[in-house]
Amino acid sequence: MSFRKDFVWGAATAAYQIEGAAYEDGRGESVWDVHCHDTRKNPEGKQNILDGETGDVSCDFYHHYEEDIQRMKNMGLKAFRFSISWSRVLPDGTGRVNEKGLQFYSDLVDALLEAEIEPWVTLFHWDFPQQLQIRGGWQNPESPEWFAEYTKVIVDRLSDRVSHWMTLNEPQCHLIIGHVQGNCAPKLRLTEPEYLLAIHNHLKAHGRAVQVIRKYAKKKPEIGVAFCFGSSVPVSDQPEDVKAARIATLREDTKDLWAVSWWLDPVILGHYPEKGMEAYGENCPEELRNPEDLKLISEPLDFLGINVYQSGRVESDGQGGYREAKNPCGAPVTAMKWQVTPESLYYVPKFLQEKYKLPIVITENGLSCPDWVFLDGKVHDPMRIDFMHRYLSCLKKAAEEGTDIRGYFAWSAIDNMEWNNGYTERFGLIYVDYTTQKRILKDSAYWYREVIGSNGENL
Ligand code: GCO
(Lines give C-alpha, C1' and ligand atoms only; values in the text may rest on other atoms or scores of the structure.)
Protein backbone atom coordinates (compact mmCIF):
# COMPACT_ATOMS: atom_id res chain seq x y z
CA MET A 1 0.00 0.00 0.00
CA SER A 2 1.27 3.50 -0.64
CA PHE A 3 -0.16 7.00 -0.91
CA ARG A 4 -3.80 7.59 -1.98
CA LYS A 5 -4.44 7.20 -5.67
CA ASP A 6 -5.27 10.94 -5.90
CA PHE A 7 -2.20 11.99 -3.87
CA VAL A 8 -1.01 15.42 -5.05
CA TRP A 9 2.66 15.55 -6.06
CA GLY A 10 3.81 19.14 -6.39
CA ALA A 11 6.45 21.77 -5.85
CA ALA A 12 6.14 25.20 -4.27
CA THR A 13 7.37 28.76 -4.76
CA ALA A 14 6.48 32.29 -3.66
CA ALA A 15 5.98 35.45 -5.69
CA TYR A 16 8.64 37.68 -4.21
CA GLN A 17 11.21 34.90 -4.25
CA ILE A 18 10.88 34.01 -7.96
CA GLU A 19 9.04 36.60 -10.06
CA GLY A 20 11.41 39.54 -10.50
CA ALA A 21 9.84 42.29 -12.65
CA ALA A 22 9.47 44.10 -9.34
CA TYR A 23 8.99 47.53 -10.95
CA GLU A 24 7.41 46.40 -14.20
CA ASP A 25 3.92 46.51 -15.68
CA GLY A 26 2.46 48.56 -12.88
CA ARG A 27 3.42 46.45 -9.88
CA GLY A 28 3.38 48.41 -6.62
CA GLU A 29 6.07 48.09 -3.95
CA SER A 30 5.76 45.51 -1.21
CA VAL A 31 7.42 45.65 2.21
CA TRP A 32 10.01 43.21 0.83
CA ASP A 33 11.00 45.65 -1.95
CA VAL A 34 11.50 48.33 0.70
CA HIS A 35 13.38 45.90 2.96
CA CYS A 36 15.76 44.83 0.18
CA HIS A 37 16.41 48.37 -1.02
CA ASP A 38 17.11 49.66 2.49
CA THR A 39 20.89 49.25 2.43
CA ARG A 40 21.49 50.82 5.85
CA LYS A 41 23.58 48.56 8.05
CA ASN A 42 22.13 47.28 11.34
CA PRO A 43 23.93 47.67 14.71
CA GLU A 44 25.90 44.49 13.90
CA GLY A 45 27.08 46.12 10.66
CA LYS A 46 24.94 43.82 8.50
CA GLN A 47 22.70 44.84 5.60
CA ASN A 48 19.16 43.46 5.47
CA ILE A 49 19.95 41.15 2.57
CA LEU A 50 23.17 39.17 2.11
CA ASP A 51 25.38 40.69 -0.62
CA GLY A 52 22.91 43.59 -0.87
CA GLU A 53 20.71 41.51 -3.17
CA THR A 54 17.06 42.24 -4.01
CA GLY A 55 14.11 40.47 -5.62
CA ASP A 56 14.10 43.01 -8.47
CA VAL A 57 15.02 40.27 -10.99
CA SER A 58 15.51 37.00 -9.05
CA CYS A 59 14.98 34.06 -11.46
CA ASP A 60 12.75 36.30 -13.59
CA PHE A 61 9.84 33.88 -13.47
CA TYR A 62 7.62 36.73 -14.66
CA HIS A 63 9.25 36.47 -18.12
CA HIS A 64 10.22 32.78 -18.03
CA TYR A 65 7.07 31.18 -16.61
CA GLU A 66 6.02 29.46 -19.84
CA GLU A 67 9.35 27.66 -20.31
CA ASP A 68 9.56 26.92 -16.57
CA ILE A 69 6.13 25.30 -16.68
CA GLN A 70 7.39 23.07 -19.51
CA ARG A 71 10.29 22.06 -17.24
CA MET A 72 7.81 21.31 -14.43
CA LYS A 73 5.81 19.20 -16.88
CA ASN A 74 9.04 17.42 -17.83
CA MET A 75 9.56 16.79 -14.09
CA GLY A 76 6.14 15.15 -13.96
CA LEU A 77 4.68 17.67 -11.47
CA LYS A 78 0.94 17.28 -10.89
CA ALA A 79 0.55 20.57 -9.02
CA PHE A 80 2.37 23.88 -8.66
CA ARG A 81 2.03 25.98 -5.52
CA PHE A 82 2.66 29.66 -6.18
CA SER A 83 1.73 32.86 -4.39
CA ILE A 84 0.23 36.03 -5.80
CA SER A 85 1.94 39.39 -5.34
CA TRP A 86 -0.83 41.48 -3.75
CA SER A 87 0.85 44.74 -4.84
CA ARG A 88 1.25 43.50 -8.43
CA VAL A 89 -2.53 43.21 -8.63
CA LEU A 90 -3.48 46.10 -6.32
CA PRO A 91 -0.49 48.48 -6.41
CA ASP A 92 -1.91 50.54 -3.51
CA GLY A 93 -3.19 47.45 -1.72
CA THR A 94 -6.80 48.48 -2.18
CA GLY A 95 -8.82 50.26 -4.88
CA ARG A 96 -7.14 50.50 -8.28
CA VAL A 97 -6.60 47.13 -9.99
CA ASN A 98 -3.50 46.73 -12.18
CA GLU A 99 -4.92 44.79 -15.13
CA LYS A 100 -1.46 43.75 -16.42
CA GLY A 101 -0.71 42.22 -13.04
CA LEU A 102 -3.98 40.33 -12.93
CA GLN A 103 -3.48 39.18 -16.53
CA PHE A 104 -0.09 37.69 -15.62
CA TYR A 105 -1.69 35.36 -13.08
CA SER A 106 -4.53 34.48 -15.43
CA ASP A 107 -2.00 33.57 -18.14
CA LEU A 108 0.05 31.62 -15.58
CA VAL A 109 -3.00 29.57 -14.58
CA ASP A 110 -3.86 28.90 -18.23
CA ALA A 111 -0.31 27.75 -18.96
CA LEU A 112 -0.37 25.41 -15.94
CA LEU A 113 -3.71 23.88 -16.95
CA GLU A 114 -2.46 23.51 -20.52
CA ALA A 115 0.46 21.53 -19.08
CA GLU A 116 -1.99 19.49 -16.95
CA ILE A 117 -0.50 20.91 -13.75
CA GLU A 118 -3.00 21.91 -11.05
CA PRO A 119 -2.54 25.49 -9.76
CA TRP A 120 -2.51 25.77 -5.95
CA VAL A 121 -2.68 29.45 -5.03
CA THR A 122 -1.29 31.08 -1.87
CA LEU A 123 -2.94 34.47 -1.52
CA PHE A 124 -0.35 35.93 0.86
CA HIS A 125 3.32 34.95 1.18
CA TRP A 126 4.73 37.92 3.18
CA ASP A 127 4.97 40.55 0.40
CA PHE A 128 2.52 42.97 1.99
CA PRO A 129 1.75 46.15 -0.02
CA GLN A 130 3.92 49.04 1.15
CA GLN A 131 1.05 51.52 0.70
CA LEU A 132 -0.91 49.56 3.31
CA GLN A 133 2.09 49.20 5.60
CA ILE A 134 2.30 52.99 5.86
CA ARG A 135 -1.38 52.88 6.90
CA GLY A 136 -0.48 50.65 9.85
CA GLY A 137 -0.24 47.27 8.19
CA TRP A 138 -1.66 44.36 10.20
CA GLN A 139 -1.94 46.65 13.21
CA ASN A 140 -4.72 48.55 11.43
CA PRO A 141 -8.15 47.11 12.35
CA GLU A 142 -9.15 47.66 8.70
CA SER A 143 -6.52 45.15 7.51
CA PRO A 144 -8.89 42.14 7.41
CA GLU A 145 -11.15 44.08 5.02
CA TRP A 146 -8.14 45.10 2.89
CA PHE A 147 -7.32 41.40 2.53
CA ALA A 148 -10.96 40.53 1.78
CA GLU A 149 -11.04 43.12 -1.02
CA TYR A 150 -7.83 41.74 -2.53
CA THR A 151 -9.14 38.16 -2.24
CA LYS A 152 -12.35 39.12 -4.06
CA VAL A 153 -10.35 40.54 -7.01
CA ILE A 154 -8.35 37.29 -7.30
CA VAL A 155 -11.33 34.95 -6.82
CA ASP A 156 -13.39 36.84 -9.42
CA ARG A 157 -10.61 36.47 -11.98
CA LEU A 158 -9.16 33.02 -11.26
CA SER A 159 -11.72 30.86 -9.45
CA ASP A 160 -13.24 29.57 -12.69
CA ARG A 161 -9.97 27.62 -13.09
CA VAL A 162 -8.39 27.55 -9.59
CA SER A 163 -9.95 25.41 -6.86
CA HIS A 164 -7.11 24.99 -4.35
CA TRP A 165 -6.44 27.97 -2.11
CA MET A 166 -4.16 28.77 0.81
CA THR A 167 -4.96 32.10 2.43
CA LEU A 168 -1.67 32.65 4.30
CA ASN A 169 1.85 31.25 4.28
CA GLU A 170 3.57 30.84 7.62
CA PRO A 171 1.83 33.66 9.51
CA GLN A 172 4.22 32.79 12.35
CA CYS A 173 7.30 33.81 10.37
CA HIS A 174 5.73 36.96 8.93
CA LEU A 175 4.45 38.12 12.32
CA ILE A 176 7.21 36.95 14.66
CA ILE A 177 10.33 37.55 12.53
CA GLY A 178 8.87 40.58 10.71
CA HIS A 179 6.85 42.24 13.48
CA VAL A 180 8.48 41.20 16.78
CA GLN A 181 12.10 40.28 16.12
CA GLY A 182 12.37 42.93 13.39
CA ASN A 183 14.69 40.84 11.19
CA CYS A 184 12.44 40.48 8.14
CA ALA A 185 10.12 42.92 6.38
CA PRO A 186 8.52 45.15 7.65
CA LYS A 187 11.24 45.11 10.38
CA LEU A 188 9.00 46.06 13.30
CA ARG A 189 9.78 45.37 16.93
CA LEU A 190 6.30 45.46 18.38
CA THR A 191 5.82 44.72 22.05
CA GLU A 192 2.93 43.24 24.02
CA PRO A 193 0.02 43.71 23.44
CA GLU A 194 0.58 45.34 20.00
CA TYR A 195 1.94 42.22 18.33
CA LEU A 196 -0.88 40.08 19.69
CA LEU A 197 -3.37 42.47 18.10
CA ALA A 198 -1.45 42.32 14.79
CA ILE A 199 -1.62 38.51 14.92
CA HIS A 200 -5.35 38.71 15.68
CA ASN A 201 -5.98 40.99 12.70
CA HIS A 202 -3.87 38.73 10.46
CA LEU A 203 -5.95 35.71 11.46
CA LYS A 204 -9.19 37.69 11.04
CA ALA A 205 -7.95 38.53 7.53
CA HIS A 206 -7.56 34.78 6.95
CA GLY A 207 -11.16 34.27 8.07
CA ARG A 208 -12.44 37.02 5.79
CA ALA A 209 -10.57 35.48 2.84
CA VAL A 210 -12.17 32.09 3.55
CA GLN A 211 -15.60 33.75 3.59
CA VAL A 212 -14.92 35.53 0.28
CA ILE A 213 -13.67 32.36 -1.41
CA ARG A 214 -16.63 30.32 -0.15
CA LYS A 215 -19.09 32.97 -1.30
CA TYR A 216 -17.67 33.92 -4.71
CA ALA A 217 -15.60 30.98 -6.01
CA LYS A 218 -16.90 29.79 -9.37
CA LYS A 219 -15.43 26.28 -8.84
CA LYS A 220 -15.94 24.38 -5.59
CA PRO A 221 -12.93 25.48 -3.50
CA GLU A 222 -10.62 23.47 -1.26
CA ILE A 223 -9.24 25.97 1.29
CA GLY A 224 -6.35 25.70 3.73
CA VAL A 225 -3.42 27.62 5.21
CA ALA A 226 0.31 26.79 4.98
CA PHE A 227 1.57 26.89 8.57
CA CYS A 228 5.01 26.40 10.05
CA PHE A 229 5.72 26.01 13.78
CA GLY A 230 8.17 24.51 16.23
CA SER A 231 7.87 20.72 16.30
CA SER A 232 9.55 17.84 18.10
CA VAL A 233 10.39 14.24 17.31
CA PRO A 234 11.21 11.52 19.88
CA VAL A 235 14.73 10.17 20.31
CA SER A 236 13.21 6.68 20.17
CA ASP A 237 9.88 5.06 19.26
CA GLN A 238 9.36 4.09 22.91
CA PRO A 239 5.84 5.16 23.98
CA GLU A 240 7.14 7.50 26.70
CA ASP A 241 9.41 9.30 24.23
CA VAL A 242 6.65 9.53 21.61
CA LYS A 243 4.32 10.96 24.26
CA ALA A 244 7.04 13.49 25.17
CA ALA A 245 7.35 14.58 21.51
CA ARG A 246 3.58 14.94 21.21
CA ILE A 247 3.40 17.17 24.29
CA ALA A 248 6.39 19.22 23.10
CA THR A 249 4.84 19.70 19.64
CA LEU A 250 1.30 20.52 20.81
CA ARG A 251 2.36 22.86 23.67
CA GLU A 252 -0.60 24.89 24.94
CA ASP A 253 0.74 26.46 28.13
CA THR A 254 3.29 28.82 26.69
CA LYS A 255 3.79 32.45 25.63
CA ASP A 256 6.05 31.14 22.87
CA LEU A 257 4.40 32.21 19.63
CA TRP A 258 6.25 29.46 17.75
CA ALA A 259 3.95 26.98 19.50
CA VAL A 260 1.48 25.54 17.00
CA SER A 261 -1.41 26.07 19.42
CA TRP A 262 -1.19 29.87 19.09
CA TRP A 263 -2.13 29.51 15.40
CA LEU A 264 -4.00 26.29 14.81
CA ASP A 265 -6.16 26.45 17.94
CA PRO A 266 -7.83 29.77 16.92
CA VAL A 267 -7.97 28.91 13.20
CA ILE A 268 -9.27 25.35 13.59
CA LEU A 269 -10.70 25.08 17.13
CA GLY A 270 -12.01 28.64 17.48
CA HIS A 271 -10.02 29.74 20.55
CA TYR A 272 -6.44 30.73 21.45
CA PRO A 273 -4.70 28.51 24.02
CA GLU A 274 -6.15 29.61 27.36
CA LYS A 275 -2.98 28.94 29.37
CA GLY A 276 -0.97 30.72 26.69
CA MET A 277 -3.19 33.80 27.02
CA GLU A 278 -2.96 33.62 30.81
CA ALA A 279 0.83 33.69 30.45
CA TYR A 280 0.43 37.18 28.91
CA GLY A 281 -1.63 38.31 31.89
CA GLU A 282 -3.08 41.81 31.49
CA ASN A 283 -1.10 42.23 28.26
CA CYS A 284 -3.43 39.81 26.53
CA PRO A 285 -5.92 41.95 24.57
CA GLU A 286 -9.60 41.27 25.23
CA GLU A 287 -10.08 40.96 21.46
CA LEU A 288 -8.48 37.51 21.61
CA ARG A 289 -11.53 36.31 23.52
CA ASN A 290 -14.09 38.07 21.31
CA PRO A 291 -16.59 35.38 20.19
CA GLU A 292 -17.41 37.08 16.87
CA ASP A 293 -13.71 37.45 16.01
CA LEU A 294 -13.03 33.83 16.92
CA LYS A 295 -15.97 32.62 14.83
CA LEU A 296 -14.56 34.55 11.86
CA ILE A 297 -11.00 33.27 12.42
CA SER A 298 -12.20 29.66 12.61
CA GLU A 299 -14.18 29.58 9.35
CA PRO A 300 -14.11 25.87 8.42
CA LEU A 301 -11.17 24.64 6.32
CA ASP A 302 -10.79 21.68 3.97
CA PHE A 303 -7.15 20.86 4.66
CA LEU A 304 -4.28 21.78 6.97
CA GLY A 305 -1.11 22.76 5.11
CA ILE A 306 2.14 22.36 7.03
CA ASN A 307 5.66 23.42 6.07
CA VAL A 308 7.96 20.88 7.71
CA TYR A 309 11.76 20.90 7.35
CA GLN A 310 13.24 19.93 10.71
CA SER A 311 12.24 19.24 14.30
CA GLY A 312 13.86 19.40 17.71
CA ARG A 313 14.66 16.09 19.39
CA VAL A 314 13.06 15.37 22.79
CA GLU A 315 12.91 12.50 25.25
CA SER A 316 10.74 11.61 28.19
CA ASP A 317 11.71 13.39 31.43
CA GLY A 318 10.62 10.28 33.32
CA GLN A 319 7.73 12.19 34.90
CA GLY A 320 5.24 12.20 32.04
CA GLY A 321 6.77 15.30 30.43
CA TYR A 322 9.62 16.03 28.05
CA ARG A 323 13.09 17.43 27.97
CA GLU A 324 15.18 18.61 25.05
CA ALA A 325 17.57 15.92 23.83
CA LYS A 326 21.02 16.82 22.54
CA ASN A 327 21.47 16.37 18.79
CA PRO A 328 23.78 13.42 18.16
CA CYS A 329 27.35 14.64 17.66
CA GLY A 330 27.93 15.29 13.95
CA ALA A 331 24.27 14.66 13.06
CA PRO A 332 23.57 15.54 9.41
CA VAL A 333 22.62 19.14 8.66
CA THR A 334 21.69 20.96 5.46
CA ALA A 335 23.64 23.85 3.90
CA MET A 336 21.59 26.18 6.14
CA LYS A 337 22.61 24.05 9.15
CA TRP A 338 19.05 22.75 9.61
CA GLN A 339 18.88 19.35 11.28
CA VAL A 340 17.94 16.45 8.99
CA THR A 341 15.04 14.79 10.83
CA PRO A 342 13.06 12.65 8.37
CA GLU A 343 10.91 11.30 11.20
CA SER A 344 9.35 14.80 11.28
CA LEU A 345 7.18 13.72 8.34
CA TYR A 346 6.02 10.68 10.27
CA TYR A 347 5.27 12.21 13.66
CA VAL A 348 4.25 15.82 12.97
CA PRO A 349 1.37 15.03 10.54
CA LYS A 350 0.27 12.29 12.95
CA PHE A 351 0.33 14.53 16.07
CA LEU A 352 -1.49 17.35 14.28
CA GLN A 353 -4.18 15.19 12.75
CA GLU A 354 -4.89 13.53 16.10
CA LYS A 355 -5.68 16.98 17.53
CA TYR A 356 -7.03 19.04 14.61
CA LYS A 357 -8.83 16.30 12.61
CA LEU A 358 -8.16 17.82 9.17
CA PRO A 359 -6.60 16.19 6.10
CA ILE A 360 -2.91 17.15 5.91
CA VAL A 361 -0.98 18.57 2.94
CA ILE A 362 2.79 18.98 3.23
CA THR A 363 2.89 22.43 1.62
CA GLU A 364 6.69 22.68 1.92
CA ASN A 365 9.60 20.32 2.53
CA GLY A 366 13.10 20.42 1.14
CA LEU A 367 16.64 21.57 1.81
CA SER A 368 19.32 23.96 0.74
CA CYS A 369 22.33 22.30 -0.90
CA PRO A 370 25.58 23.81 -2.25
CA ASP A 371 24.53 22.96 -5.81
CA TRP A 372 26.64 23.87 -8.82
CA VAL A 373 26.96 22.85 -12.48
CA PHE A 374 29.42 19.96 -12.83
CA LEU A 375 31.95 19.60 -15.64
CA ASP A 376 29.47 17.28 -17.38
CA GLY A 377 26.98 20.18 -17.50
CA LYS A 378 24.64 18.51 -15.05
CA VAL A 379 23.70 19.41 -11.48
CA HIS A 380 24.25 16.36 -9.31
CA ASP A 381 22.47 16.73 -5.97
CA PRO A 382 22.57 13.32 -4.24
CA MET A 383 22.02 14.95 -0.83
CA ARG A 384 18.64 16.29 -1.97
CA ILE A 385 17.68 12.90 -3.39
CA ASP A 386 18.65 11.16 -0.16
CA PHE A 387 16.91 13.83 1.97
CA MET A 388 13.67 13.58 -0.01
CA HIS A 389 13.83 9.78 -0.08
CA ARG A 390 14.14 9.62 3.72
CA TYR A 391 11.43 12.24 4.41
CA LEU A 392 8.99 10.81 1.86
CA SER A 393 9.52 7.28 3.21
CA CYS A 394 8.49 8.54 6.66
CA LEU A 395 5.47 10.35 5.18
CA LYS A 396 4.50 7.17 3.35
CA LYS A 397 4.70 5.19 6.60
CA ALA A 398 2.40 7.70 8.28
CA ALA A 399 -0.05 7.43 5.37
CA GLU A 400 0.05 3.62 5.43
CA GLU A 401 -0.72 3.71 9.17
CA GLY A 402 -3.81 5.85 8.58
CA THR A 403 -2.77 9.52 8.77
CA ASP A 404 -4.85 11.23 6.07
CA ILE A 405 -2.20 12.90 3.91
CA ARG A 406 -3.42 14.46 0.67
CA GLY A 407 -0.26 15.80 -0.93
CA TYR A 408 3.38 16.86 -0.84
CA PHE A 409 4.95 20.02 -2.27
CA ALA A 410 8.74 20.07 -2.54
CA TRP A 411 10.31 23.39 -1.62
CA SER A 412 11.21 24.54 -4.11
CA ALA A 413 10.37 24.02 -7.76
CA ILE A 414 13.22 26.37 -8.71
CA ASP A 415 16.23 28.02 -7.06
CA ASN A 416 15.14 31.41 -5.77
CA MET A 417 15.77 34.27 -3.36
CA GLU A 418 15.96 32.88 0.15
CA TRP A 419 14.79 36.12 1.81
CA ASN A 420 17.55 37.70 3.92
CA ASN A 421 20.00 35.08 2.63
CA GLY A 422 19.73 36.44 -0.88
CA TYR A 423 20.76 33.88 -3.54
CA THR A 424 23.23 31.97 -1.41
CA GLU A 425 20.85 29.09 -0.64
CA ARG A 426 19.65 26.74 -3.36
CA PHE A 427 16.42 24.83 -2.55
CA GLY A 428 15.28 24.19 -6.12
CA LEU A 429 14.71 21.02 -8.08
CA ILE A 430 15.61 23.26 -11.04
CA TYR A 431 18.99 25.01 -10.96
CA VAL A 432 19.19 28.68 -11.99
CA ASP A 433 22.31 30.45 -13.28
CA TYR A 434 21.30 33.95 -12.16
CA THR A 435 23.80 35.57 -14.55
CA THR A 436 22.40 33.98 -17.68
CA GLN A 437 18.97 32.92 -16.34
CA LYS A 438 19.77 29.49 -17.76
CA ARG A 439 17.92 26.64 -16.08
CA ILE A 440 19.05 23.02 -15.54
CA LEU A 441 16.93 20.22 -14.05
CA LYS A 442 18.95 18.82 -11.15
CA ASP A 443 19.31 15.06 -10.74
CA SER A 444 16.70 15.30 -7.97
CA ALA A 445 14.12 16.52 -10.51
CA TYR A 446 14.54 13.31 -12.51
CA TRP A 447 14.44 11.24 -9.32
CA TYR A 448 11.25 13.03 -8.19
CA ARG A 449 9.69 12.29 -11.61
CA GLU A 450 10.15 8.56 -10.95
CA VAL A 451 8.61 8.89 -7.48
CA ILE A 452 5.62 10.75 -8.90
CA GLY A 453 5.25 8.23 -11.73
CA SER A 454 5.07 5.36 -9.24
CA ASN A 455 2.93 7.33 -6.74
CA GLY A 456 5.62 6.65 -4.19
CA GLU A 457 5.69 2.87 -4.71
CA ASN A 458 9.44 3.07 -5.47
CA LEU A 459 10.30 4.71 -2.14
C1 GCO B 1 9.36 29.45 4.57
C2 GCO B 1 8.90 30.05 3.38
C3 GCO B 1 9.76 29.82 2.17
C4 GCO B 1 11.25 29.59 2.46
C5 GCO B 1 11.56 28.13 2.65
C6 GCO B 1 13.05 27.91 2.93
O7 GCO B 1 8.88 28.34 4.83
O8 GCO B 1 10.12 30.10 5.26
O9 GCO B 1 7.57 29.62 3.07
O10 GCO B 1 9.55 31.02 1.51
O11 GCO B 1 12.01 30.06 1.37
O12 GCO B 1 10.88 27.64 3.74
O13 GCO B 1 13.41 28.63 4.07
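I started at Trp-262, which is buried at a relative accessible area of 1%. By buried I mean under 20% relative accessible area, against over 50% for exposed and partly exposed in between, with a 1.4 Å probe and protein chains only.

Ground rules, for my own use. This is a predicted model, so local features need pLDDT of at least 70 and side-chain atom pairs count only at pLDDT 80 or more, while totals for chains, interfaces and linings use all residues. Residues are numbered from 1 along each chain as its sequence is written, and side-chain values use heavy atoms, with hydrogens and water left out.

**Helix 11**

I looked up the aromatic pairs and got 40 of them in the structure. The rings of Trp-262 and Tyr-272 have centres 5.8 Å apart and planes at 50 degrees, so I logged this pair as tilted. My rule for Phe, Tyr and Trp (its six-membered ring): centres within 6.5 Å make a pair, with planes under 30 degrees stacked, over 60 edge-to-face and the rest tilted. Trp-262 sits in helix 11 (residues 261–269) and Tyr-272 in the loop between helix 11 and helix 12 (274–280), so the pair ties together parts 10 residues apart in sequence. Helices here are DSSP runs of H or I with at least four residues, strands are E runs of at least two, and both are numbered from the N terminus. Tyr-272 is buried too, with a relative accessible area of 1%.

How much of helix 11 is buried? Eight of its nine residues are, so the helix is largely enclosed by the rest of the structure. Gly-270 follows helix 11 and has a positive phi, near 85 degrees.

I found Tyr-347 and Phe-351 as another tilted pair, 5.7 Å centre to centre with 35 degrees between the planes. They are four residues apart in helix 14 (residues 344–356), about one helical turn.

**Arg-439**

Arg-439 is in strand 13 (residues 438–441). Buried or exposed? I have Arg-439 as buried, at a relative accessible area of 7%. Its side chain reaches the backbone oxygen of Cys-59 at 2.5 Å and makes a polar contact with the side chain of Gln-437 at 2.8 Å. A polar contact is a pair of N or O atoms within 3.5 Å; within protein, one must be able to donate a hydrogen and the other to accept it, and residues adjacent in sequence count only if both atoms are side-chain atoms. Leaving aside neighbours within four places in sequence, Arg-439 is in contact (heavy atoms within 4.5 Å) with residues including Asp-60, Phe-61, Glu-67 and Asp-68.

**Core**

The largest nonpolar core has 138 residues, and Leu-352, Tyr-408 and Tyr-448 have the most contacts inside it. Such a core is a set of buried Ala, Val, Leu, Ile, Met, Phe, Trp, Tyr and Cys residues joined through side-chain atoms within 4.5 Å. Helix 9 (residues 194–216) gives the most to this core, with nine residues.

**Ligand**

I counted 13 residues around the ligand (a heavy atom within 4 Å), the closest being Gln-17, Glu-170, Tyr-309, Glu-364 and Glu-418. A side-chain N or O atom of Glu-418 is 2.7 Å from a ligand oxygen.
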